[in-house]
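Here's a quick tour for anyone meeting this structure for the first time. Have a look at the sequence and the model, then read on.

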Amino acid sequence: MSELVIEGLRASVQGKVILDGVDLAVSSGQVHAIMGPNGSGKSTLSHVIAGRPGYEVLGGSVTIDGVELLGLPAWQRAEAGLFLAMQYPTEVPGVAVSDMLMASRSTNLDPDEIRQAMLAEAESIGFDEKFLERPLNVDLSGGEKKRNEALQLGVLKPKFAILDELDSGLDVDALRMVSHRIEMETSESSLGVLAITHYSRLFEQLHPDVVHVFARGKILESGGPSLADELEESGYERWVGADPEPTESSPTPDPFGDPFADPLV
Amino acid sequence: MTEFSPDSARAIDGPDWIVERRVAAAEAVSVADAPTTALEEWRYSPIDKLDLTQFSPADGLADAPMVPLHVEPSAIVRVVNGKIVTVEIDDDIASQGVTVGSLVEYPTGRDMLGDVAEGSPDYFTRLNDAFTPDPVVVHVPRGVVVERPVVISNHASGEGRAVFPRLVVRLEEGAEATVLDRHTSASGDLVLSCPVAEFDLAKAARLGYLNVQQLAESAWQIASQLTRVGQDAILTAATAGLGGGYARTRADTRLLGRGAHGDLLALYFADNDQALDFRTYQDHVAADTSSNLLYKGVLGGRSRSVYTGLIRVRPGARGTNAFQTNRNLKLGPDAWAESVPNLEIENNDVKCSHASSVSPVDDEQRFYLESRGVPTDDAERLIVGGFLDEVLNALPVPSAVPSLEAALATKIAAATGMME
């Protein structure tokens, strides 16, 4: 039984505070959903936990089983059991997913076992084997990139996975396969999941235990799965409507955000 | 006074015609000014530090290690300090009229030497003309296809030796061959190597040429590769520049026949205080010619690289497609790269472009690999290897790639380890 604990996490980008006191605890096998409007800083939360460069941590802590992650290089956070499935997986020319996984310290599998695991994962999520030896994410469609993320998750078997907008860019079939695969991991391998999303469609296969509403840099409300349905119906107006989200007119300066995202969505 | 006088040129062995040729070249050199950084083409080089009085023309054979090649050649010529030591050639290609060996002993060698290079002389090609002791010829007759690579293995040694390897390759109509031209030197010896290679591709010939420069870091190199590509002929010319303290390679490709094509590739990796300098010239003379240049380099330590390239499209070269890309990856703040692409277009019906970049290892790429548990150093090694992969995969002598990859891995490990 493991626990990912976030306490009082505050962080800024280019001098602007984006995370303003985040508290959250995820246990093995649990699925926590973080839902919030665009520009609310929910992707920033995933980046700061994983150690992406470009953010300044102002305070708080993030631990896995008591091991402080903040201050560790990203690879040691992964070694501690963290995995980030990225919203926009980076293209790495000339480096195949197999090269990367074989260089990873997050798994004890030997190269043959990694190869076997990759083939099994590819099969289970409908990822074409031909991509396994191709350069990472280069010339992959949005859906293939997300399948690739899920494949790596399946091979590395982390304790906790943060899924940053896993559903974006995925077609319905791919979404079903990928989210079903991750749901299986939560029961079979006790994977804990922090699923950041805008829509509840991710939860048709991946069932959240707890849903958090995230806006203005913090969690404003937490509840059961029904909260996701409520958000789907009535949107985020209840949390941002009365006191208009300042970031709606000036979106979060997320250095890795989608420059073409519709700010009104 | 330097040792590079007409008298010392006259003292080198050979038939009268080549002795006369050497002496004439030495006389031309003796009245020419040695290049300085005041000249635009030497501007970024340490040429002012090259003191020719420290060197004398190599006058004898030295010990040469048998550097393993891991390539199964169809012919192999071993050259030490510019002198041919051994020549081996497969019977099956010899029986088809393929010649690999000493140019001075070859009946038409006299006409072939300098035939391509004469058009664009410079100080160091002249110096090679004056002091090359024993040029190598590779001549493939019309329609003959040489399947396996012809290997020229050049080694230089001896403190203060200047060496002048010369390679002359001629492919007649429809002939095909690949040539691996490797240059090594004794570790720690101050050596000046000024190789000149001439390539002449007749109609519809196909040449793959890979130059592997693995000189010691105590060596200077000023090399010229001069190529003439005939009608519908296809050239793939590549350089792997790994060694040398200062190593310059000038590659001139003249697309002289209609439909001629050139793929021009280089990968280079400088570390410590190495300086690698590349000058390329894609000269489109005839119509419907195309050239595609991709030079990619990695700079570690306090190393430097200069890339200067010119695409020239002559008035008659309508329908030209010419591209030039130079990308540099800097591994640390003390490495430095300069990239200067140029276009000179005298015909409107052309497609030309150039692109160049100098950048550090991409933070995003590094983070992606790290987020999967790959330690920082290993992530950088993977990224650097991946960056060069594009050129490695396109090299014209695929059997040479594994040993190049091993040499690169050693350099990558040393360079990325030093960053911490």
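In what sense do strand 4 and strand 5 of chain A pair, and over how many bridges? Strand 4 of chain A (residues 56-64) pairs with strand 5 of chain A in the antiparallel sense, over two bridges. Keep in mind that this is a predicted model.

**Salt bridges across the structure**

- Counting over all chains, the structure holds 41 salt bridges.
- One of them joins the side chains of A:Arg10 and A:Asp20, at 3.3 Å from N to O.
- That pair links distant parts of the chain: A:Arg10 sits in strand 1 of chain A (residues 3-13) and A:Asp20 in strand 2 of chain A (residues 16-27), ten residues apart.

**The sheet in chain B**

- Chain B has an open sheet built from ten strands, in the order 3-2-6-9-12-14-16-18-20-22, and its pairing is mixed.
- Its edge strands are strand 3 (83-89) and strand 22 (350-360) of chain B, each of which pairs on one side only.
- On average, neighbouring strands in this sheet are turned by 10° against each other, ignoring direction.
- Zoom in on strand 18 (residues 290-299) and strand 20 (residues 320-330) of chain B: they run parallel and are joined by ten bridges.
- Within that pairing, B:Leu299 has B:Lys330 of strand 20 of chain B as its bridge partner.
- Helix 7 of chain B lies across strand 16 (261-270), strand 18 and strand 20 of chain B, and runs at about 155° to strand 18 of chain B.

**Where chain B meets chain A**

- The contact takes in 32 residues from chain A and 19 residues from chain B.
- Between the two chains, the buried area is about 2000 Å², with carbon and sulfur atoms giving 66% of it.
- On the chain B side, B:Phe367, B:Tyr368 and B:Arg372 lose the most area to chain A, together 37% of what that side buries.
- B:Arg372 also forms a salt bridge with A:Glu149, where the closest N and O atoms are 2.5 Å apart.
- The count of salt bridges between chain B and chain A is two, and there are 13 residue pairs in polar contact.
- Helix 6 (363-370) and helix 7 (376-392) of chain B each supply at least two residues of the side that touches chain A.
- The residues on that side of chain B divide into eight nonpolar, six charged and five polar.

How values were computed
Residues numbered from 1 in each chain as written. Chains lettered and ligands numbered in written order. Predicted model: local features only at pLDDT ≥ 70, side-chain atom pairs only at ≥ 80, totals over all residues. Heavy atoms only, no water. Contact = heavy atoms within 4.5 Å. Buried area = accessible area lost by both parts, 1.4 Å probe. Salt bridge = Lys/Arg side-chain N within 4 Å of Asp/Glu carboxyl O. Polar contact = N/O pair within 3.5 Å; in protein donor to acceptor, adjacent residues only side chain to side chain. Helix = DSSP H or I, 4+ residues; strand = E, 2+ residues; numbered from the N terminus. Nonpolar A, V, L, I, M, F, W, Y, C, P; charged D, E, K, R; others polar. Pairing = 2+ DSSP bridges. Axes fitted to C-alpha atoms, helices over the stretch in contact; angles between N-to-C directions.
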